[in-house]
Each structure stands twice: as C-alpha cells, then as structure tokens.
2 protein chains.
Amino acid sequence: MTPSVRRSFVVAASLFTLAGAPLGAQGTPLASWNDGPTKRAIMTFVRATTDRSSAQYVAPDDRIATFDNDGTLWVEHPLYTQAVFALDRVGALAPQHPDWKTTEPFKSVLERDETAIAKFTEADWEKIVAATHSGMTVEAFNDIAADWLARATDKRFKRHYTELVYQPMLELLAYLRQNGYKTYIVTGGGQDFVRAFASRVYGVPREQVVGTASKTKFTIGESGKPELIKAPDILYVDDKTGKPEGIHLVIGRRPRAAFGNSDGDEEMLQWTQAGGGARLMLLVHHDDAQREYAYGPDTKVGTFSNELMDVATKGGWTVVSMKKDWRRIFPFDP
Amino acid sequence: MTPSVRRSFVVAASLFTLAGAPLGAQGTPLASWNDGPTKRAIMTFVRATTDRSSAQYVAPDDRIATFDNDGTLWVEHPLYTQAVFALDRVGALAPQHPDWKTTEPFKSVLERDETAIAKFTEADWEKIVAATHSGMTVEAFNDIAADWLARATDKRFKRHYTELVYQPMLELLAYLRQNGYKTYIVTGGGQDFVRAFASRVYGVPREQVVGTASKTKFTIGESGKPELIKAPDILYVDDKTGKPEGIHLVIGRRPRAAFGNSDGDEEMLQWTQAGGGARLMLLVHHDDAQREYAYGPDTKVGTFSNELMDVATKGGWTVVSMKKDWRRIFPFDP
C-alpha cells in the first residue's frame, strides 16, 4: 500500500477494448476458471435459476447480478485507481489554487510526500475528492476521467488501469448476461468515475452503475444553456450498508447474485442471501502475490477481515482463491 | 381540487391489466391520437432518430425517453393519487397513534375536514407522508401500496386509479419501445409508490422508475434477518431542478425525448433540449373538462403556468391539447 502521485505524459494510445472479447470468443463459458467447487457453484446456480423446469427458476425480470468494482473486477492495490486519479488531478489543478502549496492535504500531494499520503484520513480524502470531482458539468467530468484513463498507467504492470481487469470476472459477467441476467456494478467508488469506462471495459451501460454519488446542481450556464454541475457534497456513500440501500434506490430489486471481495461488500451479500431461494454470494480472495496481490485483514485497501471470512463460511458463500480458481488473471496473460 | 379522505371496503377485484394491451393490439401506432401536427411531430422525431440513413440517427443505447407520471400518464385531479393514499393510510394507522386525534395535521385528516386539508402546507404534507411511508421494510411498503391500488377507486370515474391512465400515452410508451427507446418514469411522486404499479400498468420495470426517494436503513431485524427499512427522511426530491438531477443520478444519460404536463417538468425538458440534435419535448395540456379536466395556471395540482406556455412556445416544444389531439382518453372509453 504505497500510494504514489504520478503524472502520465504518455500520449494516449489506442486502447485495448475488452468488453467485446469475452462475449465473442467464449466457446466454453468461464474458460479461465479452473474446474472445481467454485466454478461448479456458479454454474449450478445459473442452471437452477434459468432452467424452466427447475423449482428454483427465476423470471428474467428478476435476474439481477451486482458486482463490486475495486478488487472484484479490477486491481485495487496498491491504491484505488480513483484515488490515483484524484491525486493526479490535484497536480493538474494546482496552478488555479496557489493556496494548495501551503494547505494540507494538498501540500503533501503536491510535494509527492508518499509517507504523508499513506496516513491520510477519510476527511483528507474527502477534501481531495471534493476539490477534484466538482465544479464542472457532468459531461466535462466524464471526459476528464476518460482522458486520464486513456493515459495513466500502473507502475507494476505498466498497463492502463482498464487493462488490469480480471479475465475470469469478464467471463462471469458475459456468462450471466448470456443467461438473461442484468449485470450491475455496485461500487464504493464514484458513480460518475466508473460510468466513464464501464460500458467499454465491462459491457455494463451507464444506467447500470450504482456508486457513491455527489449531488449535482441544475443551473443555467453563462451561455444561457442549462447545465448539470457536479457539487462537492456527497448525496450518498455506496459502501457497506450503503450498498443494499443504493441497490434499492437505483434498481429497486434484490439481487439474485452478488459479487465482492472485501468488508465493504458484506451487507450487499447478506441482503442478497436474505431474499431466500437460489442465490449466489461470492467473494474474491486475493491470495496470489505472484500474479497479482495477496492481502486480507492486513490492509486498508480492500480489507477482507477474519470476521468476513467467518460470515462467508457460516453463510455458505463461495470464496474464490485467485491462486487456485483462476487459470488466467488478466486478458493480456498468455 | 377538493381532496377527500376515503376508505375503500370494496373487495379486491381482479384488475384490468393495461400494460400488455397497447403493445399487442396496436396495428397502427398511436391509434388514439388524431392526425395533425402533434402526432406528426412525434412520428417525425422517432423516424429521424431511428432510421439508419438519417443524419439525426441515435444509437440504441442513447434512446432514452423520460415521462412524468401525475397528469402526464394518469389523472392527477382533484388530488394526486399518492396524496389520497397517504390520507387513507392516516386512517388505517390511527389506532396505533392515539395522539393523532389531537395533533395537526392528522386531526383534520381523521375528522375528514376537507376545507382544512385543502389548505395543508408543504410541511403538513411532509408530516403525513413521513408518517405513512416509513417504518416498514421496502417490501412491506410495496405490498401496502399495491393492495391499496387494488381496492381504492376514484369518486368521479368510479374506477381504480390504475385504470385512469391515458390511452394515447400508453400507445406512445409502446411506440417508443417498439422503436428501441428505453422508457423511464421521472416523477415528483414517491419512487417506491410508483414502482408498485409501473410494470403492470405502463410496462415500465422497477429499475426504470425515478422518483422522490426517502432514505432507507439497512438493519438486522428481530428475526436476525437483514432488512431495508424505509426512513422518514427524504434523500432527494425529484421535481423541477430535481428531475434532471435525478435523471443523472439513476440513468446517467440525457434523455432524447421528455414528456410532462406542468411547471415541475420544465427543467427536465430544458435539459433534454440542451443536448442538441433531434430531441422531442412534449407537454400535455389538460383542456378537456368534459372527458377529463381543464386546468392550467389556476391550480395547485399540476400547475401549467403562463410562463411555462411561453417557454414551450419559444422552445418549439410540442403541446398536446387533450381535447383536439386525443381521440380516446382512457382505455375503457368506447
């Protein structure tokens, strides 16, 4: 967990478009999943809920599957991608805010003081997010995020962040959709940030992204044109109890299947399971330091506590071992 | 605008299911619309945005149409249906609240004091809605609303409220969907109240209803089961500027077509139009006292002000005359 402020001067390269790949290429469903109880649990659930002769058959309208994003669909270590984006934006916006040179938490960001950044509190991060994610139209923010994602790269893998998505999960999204499931992202990250790439990368349209949302303000702009401006205030935080609450707000149905990887996903999976009947609750466990990362209770980024493991065991939830269950991690893996 | 508290003891009759009717029966699109400039404006817009050879062609993903509910899809006079529901619920819940006999605004409701009710302020209504729309699980509220809608009837038409929907608008919903448009309801009314009937009555699924939303609270219930409880606090009001804001929150795309009937819809239509290209902005004008109601600037329920008419004229918006443009008003009309 060594956060780093980086500025990418890489010229925007043509981007690897992932969303289509697993859909078209997939002769065998879940090809990057090793055979075993995990893959079997997924396929048994899908068959039970889509076979018309099954006692657990679910009508297409109620086939809702919700996916956490950070650590479930893409890499979240050493630091959430959106946090890296926010730190970069502090650098980009600094010329308009001369006071940041002497005001924390901006001062530490501009000085690239990684030790100080690693100690940032929730309140520090809220200030950074508010300063970098508001004051522009919703369309302008979308362009800023998309442009950054097209340029920035991860230090370890030397890849764009949108390439650091898990191939087995892309196949799982595709497999569920092929079976009539509507796939949603339900993320503690910013709804508008994830909307900027979810369609291209995951095949999930903008209206199927539920996330932490800031307020917006409808106003008549200088040109006399109506605009929606992103405000610094948070409307709701889509994490922990906020996940089932956000699901009710935007979807209005209880998921049949829910996928996560950390303590922030516990309530979403609990609420899913409480609906009764055939339900799939799955957690990705990061136990592969060689191919990706290994972490659990010992990190602030994507904590998978011992308590969560107990809840998963007692509830009969499926826990994915990246090491054992995934043949391939990334789409670019051989 | 004479609100009335009523209690229906009518045994739940099998309900007229409307959603399917306009889809199946519709040989000619918009059959209940008279020929003329209004119908032509709708059809021209749809052709321009769906014909691949058109310069104004819109990709299917961006075909978003948003409909106000009260006064646009169903009758809102003499009082919003949800307000009638709330007043009825005060009666039903009164035994659990002995203090309501002496506390306003509940006292006036229980005494069926129509003069007092007609003078209720926004704050009075907020108290009534908070008291009747919270404290139960989201599923329980859905059942309460659905059960009430199956029993309650309108005084003038002697019909269930869900029968008092506009046949031409049902056909418009169906016509847009047949042309690849995703139809959403964007209502100042309660999101959870409208979700209780939107699928059956309008063919609009729960996840495509955007409305005024209360907060919910995730909690572990007495049985040890996770529950989502409706809280009395409002998360956001989906009216006026709240409509484009709610659209961004839940849909994340700007509509191509927006339909309303009152001052509360102005900003939604403005924001739609500001997207440029082919857009359809349409307002229903209630000018048919004989078949339905006639009202404009002179009502508190669904006000269509002279200012709104000016904005519509200047913007080139389509204004529907119920009297001239609609051959039939209700599905049960001959």
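Where in chain A is Pro105(A) found? Pro105(A) belongs to the loop between helix 3 (81-93) and helix 4 (106-110) of chain A, where helices (H or I, at least four residues) and strands (E, at least two) are DSSP runs numbered from the N terminus. The peptide bond that joins Glu104(A) to Pro105(A) is cis, with omega at about 5 degrees. In chain B, a cis bond likewise joins Glu104(B) and Pro105(B), with omega of about 5 degrees, and Pro105(B) sits in the loop between helix 3 (81-93) and helix 4 (106-110) of chain B.

A few words on reading the model come next. This is a predicted model, in which local features need pLDDT of at least 70 and side-chain atom pairs count only at pLDDT 80 or more, while totals for chains, interfaces and linings use all residues. Residues are numbered from 1 along each chain as its sequence is written, chains are lettered from A and ligands numbered from 1 in the order in which they are written, and side-chain values use heavy atoms, leaving out hydrogens and water.

The average pLDDT (the predictor's confidence in each residue, from 0 to 100) of chain A is 92, and 92% of its residues score at least 70. Residues 1-26 of chain A stay under 50, and for them the model has 67 contacts beyond four places in sequence, a contact being heavy atoms within 4.5 Å. For the complex, the predictor gives an ipTM of 0.92 and a pTM of 0.92.

The two chains can be laid on one another. The same surface serves both copies, as 100% of the contact residues of chain A recur in chain B. Not counting residues up to four places away in sequence, Gln270(B) touches Phe218(A), Ile220(A), Pro226(A) and Trp317(B).

Strands come next. Strand 2 (residues 182-190) of chain A has seven of its nine residues buried, so it is largely enclosed by the rest of the structure. Here, buried means under 20% relative accessible area, exposed over 50%, and partly exposed in between (1.4 Å probe, protein chains only). Strand 1 (residues 64-67) of chain A runs parallel to strand 2 of chain A, and four bridges join them; two strands pair if DSSP finds at least two bridges between them. Ala65(A) has Thr183(A) as its bridge partner in strand 2 of chain A. Four bridges also join strand 2 of chain A to strand 3 (residues 209-220) of chain A, again in parallel, and here Ile185(A) has Val209(A) as its bridge partner.

The structure holds 34 aromatic pairs over all chains. Rings of Phe, Tyr and Trp (its six-membered ring) pair if their centres lie within 6.5 Å; planes under 30 degrees apart count as stacked, over 60 as edge-to-face and the rest as tilted. The ring centres of Trp33(A) and Trp326(A) are 5.8 Å apart with planes at 75 degrees, so this pair is edge-to-face. Trp33(A) lies in the loop between helix 1 (20-25) and helix 2 (37-50) of chain A and Trp326(A) in the segment after helix 14 (322-325) of chain A, so the pair ties together parts that are 293 residues apart in sequence. Trp33(A) counts as buried at 0% relative accessibility, and Trp326(A) does at 1%. Phe193(A) and Phe197(A) form another edge-to-face pair, 6.1 Å centre to centre with 75 degrees between the planes. Both Phe193(A) and Phe197(A) are buried, and they belong to one aromatic cluster whose members include Trp74(A), Phe85(A) and Tyr202(A).

Backbone angles complete the account. Most residues other than glycine have a negative phi. Leu30(A), not a glycine, has a positive phi of about 55 degrees; Leu30(A) is placed in the loop between helix 1 and helix 2 of chain A and is buried, with a relative accessible area of 0%.
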